[in-house]
Amino acid sequence: MSITGWFKKKDPLLESDELANNAVQQETAFDNGQSSQDNSDHPSILNVEKRYDVSDCIEKIGYGRYHWKVVLTMGMMSVADSSEIWVIDLISYNLVCEWDLSTLEKALIPGLVFLFMAIGSFISGVLSDMYGRKRVMTVVYYIFTVSAIASAFAWDYYSFLTFRCAAGFCIGANYGVSICYSAEMVPLAKRGFNLLLLDLLWCAGGVYICFCAYLVMDLEGGWRILIILCAAPCLITIPLLHFCDESVRYLVITGQPSEAKKVLDRMADENKVPHIDGEIIKLSQPSATILDMFRKPFTRRTIILGICFGVCVWVFYGFMYLLPDMMAYGYCYMSDLFEVTYVDSHGCTVYTKSEYLFLLVINMLYIPGYITSPITAELWGRRPTIWYSYWGGLVVTILLLFCISDIALYVQLFLLINLYGIQISTMWLYVPECYPTYIRSTATGTHNGMSKIGAACGTFLTEYLDSYSVKYSIYTFIAVLAVASVSTLFLQIETRGKSLRDDTDYAKTPEENEINNGGMNEYGTDTNNSL
């Protein structure tokens, strides 16, 4: 439905029928490339209407140079986050050797790090809805960089664990907010494309750190050198953050329309399109808390998405930590293709160079899934893509229990890697669309926190159970995937083709909206045109 049609429905954000009619006339003039008045100081300004919605402005300005700056900054954050997550697995055996760690102590490292990621996610989501996306990301990233580098100089197990937990807290604090920020700053048609770029850069972070491990882990103190190399993307990201603006949607809902207008003008200038002149509709929304996500109309989606995120990342990171052990223990036919044991000069069993290369390839194998996700999400919709990827992942995981042949095993692993990539990418596309701006960062932070709780459980159990049998971990994957697959069937709303909303009347069930809005669906559009 066109924006004109939207206003004809008397959008509740407009103050009167007269304003609605004026908005229709002025929007028609804008679509015809006409300006309601000239501006001698800035001839490129288009005076579209007296009052307009920030979503319409972002759509009119389009995707351009400004958004590539956002992609570069958020993308470098993804590279840094991915590198920091992978490095724990890459150096784990070296830590066991250097500090004579028990199986439990080794398993506690990723478990506690992911737990602190969850805590950081929960806290930062609420803080960024209160104080702004950019402010929270900037402060947290300074702490992240310092703690990440400090862990390279840890003098014992407990100091290392302390620094890595601090870094983990910051990784969790940043990731959900960065996803929210990216979604809020780009036009609807480019939302999937933008997330795809961030996913590809996340893969690049894994490839980067695995390649660095291949080069330096044979050196004396190689794990310390690797951690310092891992922090390099952080040092690049910090100056980039200072060139980013605050989220324009956050500025609007916190009563700062003049600041939002300045951001929109910069966006238009950098994208080389005319300014949009007029008054932004001011929205004043209450501060959000995590408890608000469990109140109507968000209750069901919050519970279901929390389960799905927890399970998806449980299995995602569980397999990340499981694959090297599958090689080390010769699961099925994997030991036939790789040298799986290497004893260094100190008598410690560590990863071989072939294993670092294998993990590098594993990172690259996520790319087809990340590319497939936005395509299927636009063709089929968000919900069907989530359904198929979870049920498909469950079936293929069950098949892992049967060692048919070496070719079958690697086909199954390839399918699993891509199905999990589709799951997590589609979920991150879907979640920001399910909540309004005043609670969106709290929502992305909370669901990111749930995902990290899943990761903590998955990595801890994988590290612990694999000392007995690889299949024990696979059994846990099957159990949690079964729960998540069933829960996906109860997702209610479809967000494909829908703009992000900033007001509190957002995202009710279709039935509630048809009753309250006289035949309009949950996004304020005619039910005959809804998906």
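This is a predicted model: local features need pLDDT of at least 70, side-chain atom pairs count only at pLDDT 80 or more; totals for chains, interfaces and linings use all residues.

Biologist: What span does helix 15 reach from its first C-alpha to its last?

Modeller: Helices are DSSP runs (H or I, at least four residues), numbered from the N terminus. The expected span is 1.5 Å times one less than the number of residues. Helix 15, residues 382–399, has 18 residues and reaches 26 Å, close to the 26 Å expected.

Biologist: Is Thr145 buried or exposed?

Modeller: Buried means under 20% relative accessible area, exposed over 50%, and partly exposed in between (1.4 Å probe, protein chains only). Thr145, in helix 6 (residues 133–150), is buried because its relative accessibility is 5%. Val146 is also placed in helix 6, but Val146 counts as exposed, at 58%.

Biologist: Which residues have the most contacts inside the largest nonpolar core?

Modeller: A nonpolar core is a set of buried Ala, Val, Leu, Ile, Met, Phe, Trp, Tyr and Cys residues joined through side-chain atoms within 4.5 Å. The largest one has 137 residues, and Phe160 and Leu226 have the most contacts inside it. Helix 13 (residues 299–328) gives the most to this core, with 16 residues.

Biologist: How many cavities of 30 Å³ or more are there?

Modeller: Rolling a probe the size of a water molecule over the atoms shows where empty space is left. On a 1 Å grid over the protein atoms alone, a cavity is a set of points where a 1.4 Å probe fits but cannot get out, and lining residues have an atom within 4 Å of a point. Grid points are joined across faces, edges and corners, and a volume is the space filled by probe spheres set on the points. The count is six, and the largest cavity holds about 160 Å³.

Biologist: Which residues lie nearest the centre of the largest cavity?

Modeller: Of its 16 lining residues, these are Tyr175, Trp202, Tyr317, Ile424 and Trp428. Trp428 belongs to helix 16 (residues 406–430) and is buried, with a relative accessible area of 4%.

Definitions and conventions. Residues are numbered from 1 along each chain as its sequence is written. Side-chain values use heavy atoms; hydrogens and water are left out. Helices (H or I, at least four residues) and strands (E, at least two) are DSSP runs, numbered from the N terminus. On a 1 Å grid over the protein atoms alone, a cavity is a set of points where a 1.4 Å probe fits but cannot get out, and a pocket is an open set with protein on both sides within 12 Å along at least five of seven lines; lining residues have an atom within 4 Å of a point.
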